[in-house]
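Please look over the sequence and the model that follow, and then read the report beside them.

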Amino acid sequence: MTLMTPPPIDPEEEEMLVPHSEIAAAEGPQPMEVAPVEAANTADEPVVDDPPSARFTWTIENFSRLTNKKLYSDVFVVGGYKWRVLIFPKGNNVDHLSMYLDVADASNLQYGWSRYAQFSLAVVNQVHSKFTMRKDTQHQFSARESDWGFTSFMPLSELYDPSRGYLVNDTCIVEADVAVRKVVDYWSHDSKKETGYVGLKNQGATCYMNSLLQTLYHIPYFRKAVYHMPTTENDMPSGSIPLALQSLFYKLQYCDTSVATKELTKSFGWDTYDSFMQHDVQELNRVLCEKLEDKMKGTVVEGTIQQLFEGHHMNYIECINVDYKSTRKESFYDLQLDVKGCRDVYASFDKYVEVERLEGDNKYHAEQHGLQDAKKGVLFIDFPPVLQLQLKRFEYDFMRDTMVKINDRYEFPLQLDLDRENGKYLSPQADRSVRNLYTLHSVLVHSGGVHGGHYYAYIRPTLSDQWLKFDDERVTKEDMKRALDEQYGGEEELPQANPGFNNSPFKFTKYSNAYMLVYIRESDKDKVICNVDEKDVAEHLRIRLKKEQEEKELKRKEKAEAHLYTIIKVARDENLHEQIGKNIFFDLVDHDKVRSFRIQKQTSFALFKEEVAKELDIPVQYQRFWLWAKRQNHTYRPNRPLTPLEEAQSVGHLREVSNKANSAELKLFLEIELGQDSKPVPPPAKTKEEILLFFKLYDPVKEELRYVGRLFVKGTGKPTEVLAKLNELAGFAPDEEIELFEEIKFEPNVMCERVDKKVTFRASQLEDGDIVCFQKPLPVGSVKCRYPDVPSFLEYVHNRQLVRFRSLEKPKEDEFSLELSKLNNYDDVVERVASHLGLDDPSKIRLTSHNCYSQQPKPQPIKYRGVEHLSDMLAHYNQSSDILYYEVLDIPLPELQGLKTLKVAFHHATKDEVVIHTIRLPKQSTVGDVINDLKTKVELSHKDAELRLLEVFYHKIYKIFPLNEKIENINDQYWTLRAEEIPEEEKDLGPQDRLIHVYHFTKDASQNQAQVQNFGEPFFLVIREGETLAEVKVRIQKKLQVPDEEFSKWKFAFLSLGRPTYLQDSDVVSTRFQRRDVYGAWEQYLGLEHSDNTSKRSYAANQNRHTFEKPVRIYN
């Protein structure tokens, strides 16, 4: 291990932070927020004066040949704790390198341990250290989460690309910078007691919403308007946004503990999956305000949103040389301010109103004046009382074709004067009598990276000097430095742990920084920060919420006193009659649906019997109670009557005797014997010889099972002796022929066996609580029944499954349902689906399973006969779904699976067009077969034209496929397959001619000058011996058909390993391409440097979008 200063952490490629988990990334929600404990941002977590910090370097040789799924580094010590790095060289079920920091001795630490660290992980770029891939985060490690890091650290395609510099001589170098901090108990804090305010519960990834809701709640004028929106006692909060918001605000104002947001998100029309998706605060703010504005129309609070948040600006274009000016007034509810390149809010406003010159090629076309030089800009007509500033911390990087987070330092003042410098931001129409002096009310903070993180808010509810931090459930008092200075972003310096060894500061990027600011105008603050009390809340809402609170308090009290009481659940014959054949088929009763009594534990059982007599109108002397027992085969049956000794004990003692599981419940069966007049009689004495049996009757024609009663039988007796009694219970003739079956068990499979009527009950191993099912046998030649006997019917009931089918094209809508059996095989299921759809060929049905976590189809369909049973199709980890997706194919699935489908982009030789073709061929086919198939689909420049297939990746050509290469292993998921005609000039190369790669590139202005970004379509070019650049340029211009004016701006360079050497017209190009020992031809190429005018969004749209970019929708 070496102690040294790490370079500044590159924040741009921040990835979602997750503990490592070996479940597929696509198959379940992963935590999308950084753990809520934050070293730099929690009030009662003083920063250690000298936090121990160090760097660990891990050199991994033979990296591409590693076969381990995961690999641990050596153990290293920082802050007195043992750590190690954990990597998944081929990804933790993703196509990225996965990397985590792990507590090395987690399994040996004492119960309740925790430690806190800020750390960064890096893969070193061994060619250009500037491009080292580094990501940083923070975490409180515990027994539950003993590792933390990045499942998608960097794409495997970049890591394993030899030209990128991360693998040199098959060696990878990993670095870990770790700084250990103190930890305090996060959960012992009482927010209401400490601050007078309460927090909001997090539903999974809703901290972004919580921070916004707290900000809006603490604008009292807004809260008052929400309270005055008309709602009625008949509304349900889960279906009404106004009522749900009223309810939430009321609870924030009057509750003592943190408040749940589930009713509100339900009113948005969100399912739980939406709650696990991190959305964008700015987008949610706009959508919510638009919804409320719409719901306020026609009410007493119509226009509130506009009065609070709406301002106006004027877009203008003014000609310089002629008298012409065009203006357009626009409204805004919030302002998007640039962070990149701006030191503070004033600099952003300066940039906002910056005048743009329209001249040269970009002249303005003015009516009646033609093209004119002009000035274009924006000025403000008026600002709103509540000014919401959205800071552009997230930007689209066109060079990298990805979203990045801007962690640069950006300052914002406590008082914001927008009249500064004689009203430089104001338009001529602005009312100068209004003083636009604002005071800061809220700072919304994002902590994390572009693909996930945590949101919280610093708020001054009354604009006093006391700031409060609202972090989900937790509210803490904070000083001004925390709310302002520490949220500017930039870098944080920690002193080195070993100053004698190295005096350089230890730097971390501050990934916690302000993301949204709310300012309130001084002249409006008395109106905005108004008094809101109970009289503003509708009476029906107060009554509803007080009732909710009382019910909650009652439940809390019951829970607190639960140890003093026993719940006694009493099942009777009535319950068995009601439930068997309707709600349940197996065993005897659902104990959650029988009469229950809450009895103090010290109450005598005799007193309990009197309570039963009073409640059920059954005199004490007619009651006999049986204990239930759970048998080894997992059935639950009445076992034996209570003894007089047991009945003399207390309820609590009896519960302990009867209940090995030690739950707070006592389950009893109340046996009541009825006399001739159907009135209760005292129960007869039970001898050891007598057995209590329960009877169910099955009707195979109606497919019905019902409970008919119970009997005491003698163990030495035979079923033949009670047949007449059973016929009487069933309503049959006394001598009706019946068959008997014992219901033995039903988990994990059904066991139901015929009872021999001529053998004694004891010999048939029947005992108290056993169940006998009986039926009439089906006459020979009668109507055929689906389930002719009890065992077949119980088997059917046990395995039946109602499956909801959805078209894969409409994955949110149930299209039809089919009742199937869990034991149905693959063919049974597709046959039923095909039959329902009226399709002759079931093999054209392809099914896809359901992901229970994401509530979406799984990415991969079910292979033909790839699963044994329907139950396997519905399984998802330890859960089971009832949804399947189907699609109808144009060819049978077995045939399709024997084919390889490739998407090939065909570049026409003379036309400026690219057409994507889907090629479907047997997997054993070759590239030559692909080309022959393609020739039948494309237009060639001449009939003898020859084609070739190329592998293109990130605008470079990596491979020309040999014609005999098998297509089975070709991957078109990450690489583009390009087909093109082979130019005639390439077919007869002279001995000194060279075929070189030619790529377009531009330089990334924000990076080191040596950093180049490729774009556009790469191509091959033949260069002749002695040919100068001037001659080559003529051919390139002709090939690409670039106009002279534009082409004159292009520069030409020889590039090797990403470094450009610019060429002059007189340079002989071929002399540059003499080396033969280059790893890949793509590492040396002729570069065409010019601006990239192509649209980046088209490419971005085709990539997997990250979860936080999913648009926010409020459906109701």
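## The chain as a whole

A contact means that heavy atoms lie within 4.5 Å. Residues 24 or more positions apart account for 69% of the contacts in the protein with a separation of 6 or more. The model is a predicted one, in which local features need pLDDT of at least 70 and side-chain atom pairs count only at pLDDT 80 or more, while totals for chains, interfaces and linings use all residues. Residues are numbered from 1 along each chain as its sequence is written, and side-chain values use heavy atoms, with hydrogens and water left out.

The secondary structure comes to 28 helices and 58 strands, where helices (H or I, at least four residues) and strands (E, at least two) are DSSP runs numbered from the N terminus. Of the 1116 residues of the protein, 51% count as buried; buried means under 20% relative accessible area, exposed over 50%, and partly exposed in between, with a 1.4 Å probe and protein chains only.

## Aromatic pairs

Rings of Phe, Tyr and Trp (its six-membered ring) pair if their centres lie within 6.5 Å, and planes under 30 degrees apart count as stacked, over 60 as edge-to-face and the rest as tilted. By this rule the count comes to 45 aromatic pairs. In one of them, the rings of Phe-88 and Tyr-100 have centres 6.0 Å apart and planes at 80°, so this pair is edge-to-face. It links distant parts of the chain, since Phe-88 belongs to strand S5 (residues 81-88) and Tyr-100 to strand S6 (residues 96-103), twelve residues apart. Phe-88 counts as buried because its relative accessibility is 0%, and Tyr-100 counts as buried at 0% relative accessibility.

Phe-349 and Phe-383 form an edge-to-face pair, with 6.3 Å from centre to centre and 75° between the planes. Phe-349 lies in helix H10 (residues 345-352) and Phe-383 in the loop between strand S17 (374-382) and strand S18 (386-392), so the pair ties together parts that are 34 residues apart in sequence. Phe-349 is buried, with a relative accessible area of 0%, and Phe-383 is buried, with 4%. Ring pairs link Phe-332, Phe-349, Tyr-352, Phe-380, Phe-383 and Tyr-425 into a cluster.

## Val-103 in strand S6

Val-103 is found in strand S6, and it counts as buried because its relative accessibility is 1%. Although Val-103 and Ser-146 are 43 residues apart in sequence, their C-alpha atoms are 5.6 Å apart in space. Leaving aside residues up to four places away in sequence, Val-103 touches several residues, among them Lys-82, Trp-83, Phe-141 and Ser-146.

## Helix H14

Helix H14 (residues 539-561) has 23 residues and reaches 32 Å from its first C-alpha to its last, close to the 33 Å expected at 1.5 Å a residue; the expected span is 1.5 Å times one less than the number of residues. Its buried residues are His-540, Leu-541, Arg-544 and Leu-545, and the buried residues of H14 pack against H5.

An α-helix has 3.6 residues a turn, so residues three or four places apart point the same way.
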